[in-house]
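Dear colleague,

I am handing over the structure below, and after it you will find notes on what turned up when I went through it. Please read them with the model open beside you.

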Amino acid sequence: LSLAIAVRSHGAGCMFLVPPIDAVQSRVAASGFEVQALAAPDAGGRRDLEETLAAAARHAFDIIVVDSYAVDGAYLGELRSSGLCVVAIDDLGRHPFPCQWVVNGGVHAHRLNLCSSSGDTVFLLGPQYALLRPEFWSIPSRPAPGPVRNILVTLGGSDSWGLTPSLLRGLDELPGDFTVTSIVGPFFNVEEVKLAVSGCRRRVRLVENPSSVLPFMLEADLAVSGGGQTLYELAAAGVPTVAIEVAENQRFQMEAFEAEGFLRSVEAGQPAECGLVTANMVDCLRQDQEMRSRMSQAGRRLVDGRGSLRVAEAILGRGRVDAPSPRRGEGGGLPDSCAR
């Protein structure tokens, strides 16, 4: 959606082909885009491909952006063979790419060995291409850190580990005069979170499915977050963060963010233990204003929030792209068509 909004700002029309999930279709339609549900049951399979190609021909698409773990190089190659300009959004690099563009906005993207099977793929790598929402495209300067008055807890759209109640209880045990803002997504067990909030001695503000998270990030002096896309938003907003690895594919980007000085990381485990470890780390940062200042500056330096605009300009041919050039022999003798 962020990329589509950026593309639309350049006057190009967009349409979405999505799985038959009502919540997904409603979200797309609410943003003002045409949406079509794919009937094929096998995402990334032959019927999916045929249906996608038929839609592309029917609507005379020029460019197709593919964002799915289910597709492979053969799928992308057939899209390109039909005459489409193909853009793959990919964060794993599991196969060589036959498409014209690959976008990986991860802070760890340059650590991956990404290969082009066609020899002409342009790779847009790094957090300058992170696809953030429009509210992050222009964020005001953040004041110098002072005492911690508000801590934000956000684990994204779901909390499959059930960590939020333990995190709130852990923070509630800390000394100091601060409030907690807890954002819960659409797939949370909200009643469990409300029960935890009712047992807290300090003020906890519960926010359910906000239309924008940026105002809450700008109010926060410190954040506890899952290790996914929210980290890029927090970095752009300059919020020092304790990140919890709630999915295995988050590890590399969390390690890269930590190496750059933006966050401190915690592994998800048993909720009670995770809540205690996270609270202890928050308490250390709460008392170290200089460290929080460095973390905030590191986040703003890494992510400026304008990645969606850069990718839109690149694929529409309206911006100059300094993308990684293919390099011979990197990563243990990679072929000429591999970029790192």
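**Helix packing around helix 5**

Helix 5 (residues 164–172) and helix 10 pack against each other at an angle of about 40°, and their axes are 8 Å apart; helices here (H or I, at least four residues) and strands (E, at least two) are DSSP runs, numbered from the N terminus. Axes are lines fitted to C-alpha atoms, for helices over the stretch in contact, and angles run from 0 to 180 degrees between N-to-C directions.

Before going further, please note that this is a predicted model, in which local features need pLDDT of at least 70 and side-chain atom pairs count only at pLDDT 80 or more, while totals for chains, interfaces and linings use all residues. Residues are numbered from 1 along each chain as its sequence is written, and side-chain values use heavy atoms, with hydrogens and water left out.

Helix 5 and helix 10 are therefore oblique to each other, given that angles under 35 degrees count as roughly parallel, over 145 as roughly antiparallel, 65 to 115 as roughly perpendicular and the rest as oblique. Their crossing is right-handed, a crossing being left-handed if the near helix is turned anticlockwise from the far one by less than a right angle, and right-handed if clockwise. On the helix 5 side the contact (heavy atoms within 4.5 Å) is made by Ser166, Leu167, Gly170 and Leu171, and the residues of helix 10 that take part include Pro271, Ala272, Cys274 and Gly275.

Helix 5 also meets helix 6 (residues 190–198), where the axes come within 9 Å and cross at roughly 10°, so this pair is roughly parallel. Here Thr164, Pro165, Leu168 and Arg169 of helix 5 meet Glu192, Val193, Ala196 and Val197 of helix 6.

Six strands form an open sheet in the order 10-9-8-11-12-13, and the pairing is parallel; two strands pair if DSSP finds at least two bridges between them. Strand 10 (204–208) and strand 13 stand at the edges with a single partner strand each, so one side of each is left without a neighbour in the sheet. From one strand to the next, the twist averages 15°.

Strand 11 pairs in the parallel sense with strand 8 (residues 150–154) over four bridges, and with strand 12, likewise in the parallel sense, over four bridges. Within these pairings, isoleucine 151 stands opposite leucine 222, leucine 152 has alanine 223 as its bridge partner, and serine 225 is partnered by alanine 243 in strand 12. Five of the five residues of strand 11 are buried (under 20% relative accessible area, with exposed meaning over 50% and partly exposed in between, for a 1.4 Å probe and protein chains only), so strand 11 is largely enclosed by the rest of the structure. Both of its faces are covered, with Leu222, Val224 and Gly226 buried on one side and Ala223 and Ser225 on the other.

Helix 11 (residues 289–302) has 14 residues and reaches 20 Å from its first C-alpha to its last, close to the 20 Å expected at 1.5 Å a residue, where the expected span is 1.5 Å times one less than the number of residues. Its buried residues, among them Met291, Arg292, Ser293 and Met295, pack against strand 11 (222–226), helix 8 (230–237), strand 12, helix 9, strand 13 (263–267) and helix 10 (271–286).

**Valine 246**

Valine 246 lies in the loop between strand 12 (241–245) and helix 9 (251–259), and at 23% relative accessibility it counts as partly exposed. Valine 246 and glycine 226 are 20 residues apart in sequence and 6.2 Å apart in space, C-alpha to C-alpha. Not counting residues up to four places away in sequence, valine 246 touches Trp161, Leu163, Gly226, Gly227 and Ala268.

Strand 3 is joined to strand 4 (residues 85–89) by four bridges, and isoleucine 63 stands opposite cysteine 85.

With best wishes
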